[in-house]
Amino acid sequence: MIIRSKIKILRRAIALFIVLLCISCKTKQENKSDTLAAAIFSTIKDEDFDTTIDGKSVKLYWLQRKDLKMAMTNYGGRIISLFVQDKNGNAIDVNIGRGSIKEYMESPEAYFGATIGRVGNRIANGRFAINGNEYTLPTNDNKNTLHGGYKGFQDVVWDAEQPNGYTLILTYPSPDMEEGFPGNLQAKVIYSLTEKNAVKIEYEATTDKPTVVNLTNHAYFNLNGEGSGSILDHKLQINADRFTPVDAGLIPTGELSDVASTPFDFRKPHTIGERIKAINEQLEFGKGYDHNYVLNSDENGLHQAAKVVGDKSGVVMEVFTEEPGIQFYSGNFMASKNTLKSGAKDDFRTAFCLETQHFPDTPNQPGFPSIQLNPGEIYHTVTEYKFSVE
Ligand code: BGC
């Protein structure tokens, strides 16, 4: 009898100990994420972004509305930080980036948060033709051109105007033959925070000669917050029945393949990591996911392309776009070469990208929707990243 009641007391004591341990762990974790947010806030200093590049003034711009607070710079039209609320009401920075212009200029990773152009993603062998005229581009990704060449839009200084506290209007006149692309292109990108808790990006362009245009944004996201580790447990859904398979150089073969019964099927939510190590030639070529999805949509307006949920934070990001495709990149080339705002390194797969776009290598793929822009036409496309918690 005495032994039994002693065991009972012992069991209760152990249970109490475990409960106390859990509470203390949770508080420590919460404090840690608070401290991280505060640390990132305080490491972004206006003066570290205040400089002159190519004779133009570069600055840090803050946008704020509802639960969102976003820092941007006109160097490369980059998102530096994007603070959203997690399920505990803490502000966390879900945009991976660096802490100063100097770091961005010297960064081994060139595209953190940047506006990408004139043509996002790859053009095979740096060549294409428009109306029989052949053009040759610099090849900055083995024998291909990636994200507009060496000095793409991520490295130019945009003119910036802030009409209100939640909008930044960026304009850039890209001269004829810049990085090999024909035509003087007047590019305009409006970043704004909406009433519905979304980051809205509105792209516009006109040209004076036939050219090609495919603008996007290259934000690297970690919905648990910058510096919080792997993204493999994030849950992802992509509204696409098909994707564009690639060759070993990540150039589309031209086919549109069904995702059904493959690790590329994200029509129902799956964690990013669930099938990333499956034996699959496409995953081998991409070193993980680095593929363009052919989005399902009945009409040409804004349609839901993807939804991602941060496993620790409960932060939900939904992507809406007018574009026919989205590049899902699972951070396979991240290799701890960049120190981030939080002081953490950009370790392997600690962020992902969802870049809305026309399909890669379109100028050489007659079967893909065209990206040609002619004089007198207006390029106009909208993408939104909307945030909530669940
Ligand atoms: C590409 C990746 C590339 C990354 C560079 C993505 O858009 O698909 O292949 O490594 O950009 O940051």
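1. The largest pocket has a volume of about 710 Å³. The model is a predicted one: local features need pLDDT of at least 70, side-chain atom pairs count only at pLDDT 80 or more, and totals for chains, interfaces and linings use all residues. Residues are numbered from 1 along each chain as its sequence is written, and side-chain values use heavy atoms, with hydrogens and water left out. A pocket here is an open set of points on a 1 Å grid over the protein atoms alone, where a 1.4 Å probe fits, with protein on both sides within 12 Å along at least five of seven lines. Its volume is the space filled by probe spheres set on the points, which are joined across faces, edges and corners.

2. The lining of this pocket comprises 32 residues. Nearest the centre lie Glu109, Arg122, Asp141, Leu146 and Phe333. Lining residues have an atom within 4 Å of a point. By class, the lining holds 13 nonpolar, 11 polar and 8 charged residues. Ala, Val, Leu, Ile, Met, Phe, Trp, Tyr, Cys and Pro count as nonpolar; Asp, Glu, Lys and Arg count as charged; the others, Gly among them, are polar.

3. The protein has 3 helices and 28 strands. These are DSSP runs numbered from the N terminus: helices are H or I with at least four residues, strands are E with at least two. Of the 390 residues, 53% are buried. Buried means under 20% relative accessible area, exposed over 50%, and partly exposed in between (1.4 Å probe, protein chains only). Among contacts between residues at least 6 apart in sequence, 66% join residues at least 24 apart. A contact means heavy atoms within 4.5 Å.

4. Two strands pair if DSSP finds at least two bridges between them.

5. Look at the strand 12 end of that sheet. A hairpin joins strand 12 to strand 13 through 2 residues. The two strands pair in the antiparallel sense over 4 bridges. Alanine 160 has leucine 170 of strand 13 as its bridge partner. Strand 13 (residues 167-174) also pairs with strand 14 (residues 185-193), antiparallel, over 8 bridges. There, tyrosine 172 is partnered by alanine 187 in strand 14.

6. The whole structure contains 13 salt bridges. Each is a side-chain nitrogen of Lys or Arg within 4 Å of a carboxyl oxygen of Asp or Glu. One of them joins arginine 78 and aspartate 155, at 3.7 Å from N to O. Arginine 78 is in strand 5 (residues 78-85), while aspartate 155 is in the loop between strand 11 (145-146) and strand 12, so distant parts of the chain are linked, 77 residues apart. Both arginine 78 and aspartate 155 are buried.

7. Glutamate 226 and lysine 341 form another salt bridge, with the closest N and O atoms 3.1 Å apart. Glutamate 226 lies in the loop between strand 17 (216-217) and strand 18 (235-238), and lysine 341 in the loop between strand 25 (325-329) and strand 26 (353-357), so the pair ties together parts 115 residues apart in sequence. Glutamate 226 and lysine 341 are buried. A network of salt bridges links Asp93, Glu226 and Lys341.

8. Aspartate 265 meets arginine 267 in a salt bridge at 2.9 Å, N to O. Aspartate 265 is buried at 14% relative accessible area, whereas arginine 267 is partly exposed at 34%.
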